[in-house]
Amino acid sequence: MALQKKIACIGAGYVGGPTMSVIAKQCPDSIITVVDINQERIDAWNSDTLPVYEPGLDEIVKAVRGKNLFFSTEVEKAIVENDIIFIAVNTPTKDYGVGKNMAADLQHWEVIARQIRKVAKSDKIIIEKSTLPVKTAEAMETILNTGSTIHFEVLSNPEFLAEGSAIRDLLEPDRVLIGSRETTSGQRARDEVVKIYNAWVPKDRIITTNTFSSELSKLVSNTFLAQRVSSINAISAVCEATGADVQEVAKAVGADSRIGNKFLNASVGFGGSCFRKDILNLVYICRMHHLHEIATYFENVINMNNYQQQRFVDNVIRSMFNTVAGRKICMFGCAFKANTDDIRDTPALLVARTLMSEKANLVISDPKAMENMKAELGNPKHVLFVEDPYEAANDCHAILILTEWELYAKLDYQKLFNSMIKPAYLFDGRNIINPKACYEIGFNVYSIGKEALIHR
Ligand code: NAD
Ligand code: UGA
């Protein structure tokens, strides 16, 4: 039987937009309304230029928008008219007050809870899609249900999509996680949400738990993923000191099926809007429960990432005779990873800002993220934004590869070398080029976790 549900999602960002587009595609008889307070974002969702770059997203939105997927700024109307409400608003790290720089900032969340309470006229299932501290669902239920004649059931359904592969992750998820209360109404609400996903996700990939486990599992997943990146990045420094090659080590270690071969690419460091914030969120929870040793243990995942980013840019400056002032340096990539326009917490920001403070002249290139980077850096003097990589590298002293866009692996490095000032430097922060071939062209090559290849 076709699934006919009326679903709203509050928050039309990197999660709300793609997730609801996929639900609309997979549940054609359900009506999905995505709302946001940001008029510009909603206008973009209703236009030909979507506010989020994600491979495969355009096609899906074009197929379902105006049929069973709608974007609007009418938040209260969406609350009144829908029985199932996902909430996918941003939950950044708090930058004020108690828990500053560590706890999750729940102000958007709280506003929505009170708004729902104020306008709802019938029972609702409220679903946490945002990543939140453990016990947020419980707190929200207290806000919603205390003294109310309407019943609100709050569930946790964290999102595990990664940017750049969001559509594939949503269509073929490793798992969908749904946390609910063990009460009759909790189980009933859980079954409703299971039905939505079961329209395309096999039952054995839908995991149901209690609400607290679900909330905590999301923080733990991101912490473990980030921990792997920090672990291989720590080993990259050991490789550079000892003559080992980090890609060979990762291959040998990852071949053990107990360890696995994914997420072992050494890099300039991890970025993105979530790893740092979610680890800090977990660390804060540990500190609140006086689990200080555990907090410190996970905090080191972030410390290692800061070290790796700084180590990369320090190496650039040191290798270029400790002075980059007035020298033209080209950055290939500023997105925090390939296939996204997102620059939130990207390592390219620390690299750019450090080189700017050293008075270098920067040329930044990226196929999708340049506008966001321009907005973030404020279009300063001594920074040019040039999309064509050959034009960007022309007359430069060094190229820094900061995002693993496939296009940077496929460039003609001989042609790039010919147009650069000599000695020409190549710092590969993603290990996507062939260091030996580039050294033979004439570059001084610095890869992550490999011996530097320098012409003496
Ligand atoms: P985002 O900043 O791209 O989008 C959030 C949207 O919520 C914004 O458009 C904002 O205007 C809107 N919003 C805020 N307050 C609102 C309100 N009161 N009413 C209506 N709209 C409101 O954030 P995102 O990257 O989509 O992340 C959302 C949540 O999902 C976060 O908790 C994040 O940790 C989690 N998450 C993100 C990803 C990812 O890849 N970005 C993956 C998994 C989980
Ligand atoms: C991550 C998780 O992978 C998602 O499951 C999760 O839903 C999401 O966070 C979230 O909660 O926001 P995302 O940050 O989009 O997704 O991208 P990842 O592929 O995890 O990459 C994160 C960072 O680690 C990137 O900067 C990437 O370049 C870096 N990375 C990743 C490495 O340096 N090496 C690797 O081997 C893997």
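Predicted model: local features only at pLDDT ≥ 70, side-chain atom pairs only at ≥ 80, totals over all residues.
I started with His 382, which sits in the loop between α14 (370-377) and β11 (383-385). For element names I use DSSP runs, numbered from the N terminus: helices are H or I with at least four residues, strands are E with at least two. His 382 isn't a glycine, yet its phi is positive, about 70 degrees.

Residues are numbered from 1 along each chain as its sequence is written, chains are lettered from A and ligands numbered from 1 in the order written, and side-chain values use heavy atoms, with hydrogens and water left out.

I found another non-glycine with a positive phi: Phe 263, at about 60 degrees. Phe 263 lies in the loop between α10 (246-254) and α11 (275-288). Its relative accessible area is 38%, so I note it as partly exposed. (Buried is under 20%, exposed over 50%, partly exposed in between, with a 1.4 Å probe and protein chains only.)

I also checked omega at Lys 422 to Pro 423: that peptide bond is cis, near -5 degrees. Pro 423 belongs to the loop between α17 (413-418) and β13 (425-428).

**Helix α8**

Helix α8 (residues 184-197) has 14 residues and spans 20 Å from first C-alpha to last, close to the expected 20 Å at 1.5 Å a residue. The expected span is 1.5 Å times one less than the number of residues. I list Gly 186, Ala 189, Arg 190, Val 193, Val 194, Ile 196 and Tyr 197 as its buried residues. They share one side of α8 because their arc around the axis is only 150 degrees, taken from the directions from helix axis to C-beta atoms. Thr 184 and Arg 188 are exposed on the other side of α8.

**Ligand 2**

I counted 20 residues around ligand 2, with Phe 160, Leu 161, Ser 267, Cys 274 and Arg 430 coming nearest; near means a heavy atom within 4 Å. By class, the shell has 11 nonpolar, 4 polar and 5 charged residues. (Nonpolar: Ala, Val, Leu, Ile, Met, Phe, Trp, Tyr, Cys, Pro; charged: Asp, Glu, Lys, Arg; polar: the others, Gly among them.) Helix α9 (residues 211-242) gives the largest share of the shell, 4 residues.

Then I looked at ligand oxygens. A polar side-chain atom of Ser 267 is 2.6 Å from one, and a polar side-chain atom of Arg 430 is 2.7 Å from one. For Phe 336 it is a backbone N or O atom, at 2.8 Å. On its own, ligand 2 has 700 Å² of accessible area, and the protein covers 90% of that (Shrake-Rupley, 1.4 Å probe).

Definitions and conventions. Polar contact = N/O pair within 3.5 Å; in protein donor to acceptor, adjacent residues only side chain to side chain.
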